[in-house]
Amino acid sequence: MPTSWADSVAAENSAAGGRSAYVPPHLRNRPAPSSTPSAPAASYAGSVSTANDRIGGQVDSFQGGGNRWGGPRLGGGGSGSSGASIGGRGGSGWNTRSGGWGRGREREVNPFGDDDSTEEMFQQENTGINFDAYEDIPVETSGENVPPPVNTFAEIDLGDALNQNIRRCKYVKPTPVQRYAIPISLAGRDLMACAQTGSGKTAAFCFPIISGIMRGQHGQRPPRVPRMAFPLALILSPTRELSCQIHDEAKKFAYQTGVRVVVAYGGAPINQQLRDLERGVDILVATPGRLVDLLERARVSLQLIRYLALDEADRMLDMGFEPQIRRIVEQMDMPPPGVRQTMLFSATFPKEIQRLAADFLSSYVFLAVGRVGSSTDLIVQRVEYVHESDKRSHLMDLLHAQRANGAHGKQALTLVFVETKKGADALEHWLCVNGFPATAIHGDRTQQEREQALRSFKSGNTPILVATDVAARGLDIPHVAHVVNFDLPNDIDDYVHRIGRTGRAGKTGLATAFFNDNNTSLARSLSDLMQEANQEVPAWLSRFAVRSVHGKSRRGGGRFGSRDFRRESSLTRGVTDYYGGGNLSSGYGAPGGYAGSYGPGVTSAWD
Ligand SMILES: Nc1ncnc2c1ncn2[C@@H]1O[C@H](COP(=O)(O)OP(=O)(O)OP(=O)(O)O)[C@@H](O)[C@H]1O
């Protein structure tokens, strides 16, 4: 019985009397020419040697030992244009076949539902995003030979099938992070990208991965190890719900491209995930814990990984996750930096985490879009002084007011963040008892309960969701009109991610925080952050900020949430150009005379 997708294909081929052969995604689902069934395999065989030449030898050379990685990475490292296909080549070099990966055995589910009239949808001109909100967004890139940004999806040669899915998603224009990150990634460069919450980072890392796999650049034959999956791309995220969301998005982008996306996360039965993996996987989206489990069971090998993306990368590399991530990335069989392509994305990137992250990257480009590490101007932020004992009645007042003035419409959703799991249960109960339909999500709930809570919230059945930080990052829930920080977090970056659950994709939102003496340590950074985002800072908060003993802002005097730490170290060392002539650009893609200084007359796009 075939145990993996590749095995199935091999079995089919041998049953047909042909040679068993791995078929790369871009060749899958081609209508099989009746007289020449082995044609795809033959044409593929030609590209195998090319791919192997580029990575320095046979597939076997990937096994064991980190220093056997001979050749340079495909398209990679510093030329700035190699491997990129920008400039409207009109789809040259692309396989134009359409159709899913089912090959008659398994039908690919249409993630867009039944309505597949893409042109019609395109004409609805639902951009889903208010691009005016991004008109003046500052952008900063640093690194050697940074590939230039694009203005439209048409300028990027992503391939017909992916372009069609972009239209199906009704993405008319790339968001700023997509304009910059996609060409950088298509050029084979490693990337550390920092962009505001809700600004389209998921597509920014998914498009280049899917496009690269579609090109079949990395289609070497997987070793024949029974029941072991060999993904080409790995996308790691910190929570199960976020992994599911990325999986759903990636499946849309990959629809009918022949690229197979599978998700693996904890709390859900592993057997179904194993079956999915056995059917074949090109892109594996996973949470670290479940992935380690799969690696230990020898059901997944990372030796063919060509793309590694860490979403919420700063969270993935902080104390909680770092050992697991190092284990996966450095101690298993994954190709090292320089051979694989690594992309790190988040809305926040503290310098100490950037330093750690550099271990995973090779000659990378740092990209910062917006006042990164800051909140977006689209969110109106309010902070109110509320004693611990008054919080519940205060919340009720807010909810009543919201209901009474209908400010956000009938389906407006409110997300309430609390510190502890017990606190979440208690508040949910209290709200329900008091006539407010609420549900809760936190780490002590079963995965089924967590998913049910999210569904019920998204559908508006229970328009109030009480959550711990498990829901703080990445979740893209439409119609969240109000985020309430019932308990403020200890870290300002967590605050940024929490309030980022509203005000997404160019829409506006409201965030209210309850502040009291227990939050003194956050006063300074909160006040700085609000100032950066042009919010009204109450006088009492400014006084707390001044008094605050621990109130050392991480934001460098309230200016920037995140900039390339390599620059800062060069500045503090008094070196003017850390890169020795590398490209440092600022502003809107125009080469910038950064000159390593903030002296008079030098204007950074951040100022
Ligand atoms: N080019 C585009 N045009 C229109 N809508 C877009 C575009 N790109 C992304 N979106 C939409 O914007 C929303 C936010 O995208 P996404 O979830 O990727 O944001 P994010 O930057 O990852 O946010 P977070 O930092 O919170 O994880 C999604 O609903 C997505 O479908």
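**Domain spacing.** I began with the centres of domain 1 and domain 2, which lie 28 Å apart over C-alpha atoms. This is a predicted model, where local features need pLDDT of at least 70, side-chain atom pairs count only at pLDDT 80 or more, and totals for chains, interfaces and linings use all residues. Residues are numbered from 1 along each chain as its sequence is written, and side-chain values use heavy atoms, with hydrogens and water left out.

**Bounds.** I noted domain 1 as 131-218 + 225-369 and domain 2 as 379-548; such bounds come from an automatic or database domain assignment.

**Contacts and area.** I looked up who touches whom (contact means heavy atoms within 4.5 Å): 20 residues of domain 1 meet 18 residues of domain 2. The buried area (accessible area, 1.4 Å probe, that two parts lose on being put together, summed over both) is about 1500 Å², and carbon and sulfur atoms give 50% of that. On the domain 1 side, Thr197, Glu241 and Gln245 supply 37% of the area buried against domain 2, more than any other three residues.

**Salt bridges.** I took a side-chain nitrogen of Lys or Arg within 4 Å of a carboxyl oxygen of Asp or Glu as a salt bridge. The rule finds 3 across the interface of domain 1 and domain 2. I also looked up the side chains of arginine 473 and aspartate 314, which form a salt bridge at 2.9 Å, N to O.

**Elements.** Next I asked which elements give two or more residues to the side of domain 1 that touches domain 2. They are helix H7 (240-254) and helix H10 (313-316), helices being DSSP runs of H or I with at least four residues, numbered from the N terminus. H7 gives the most, with 4 residues.
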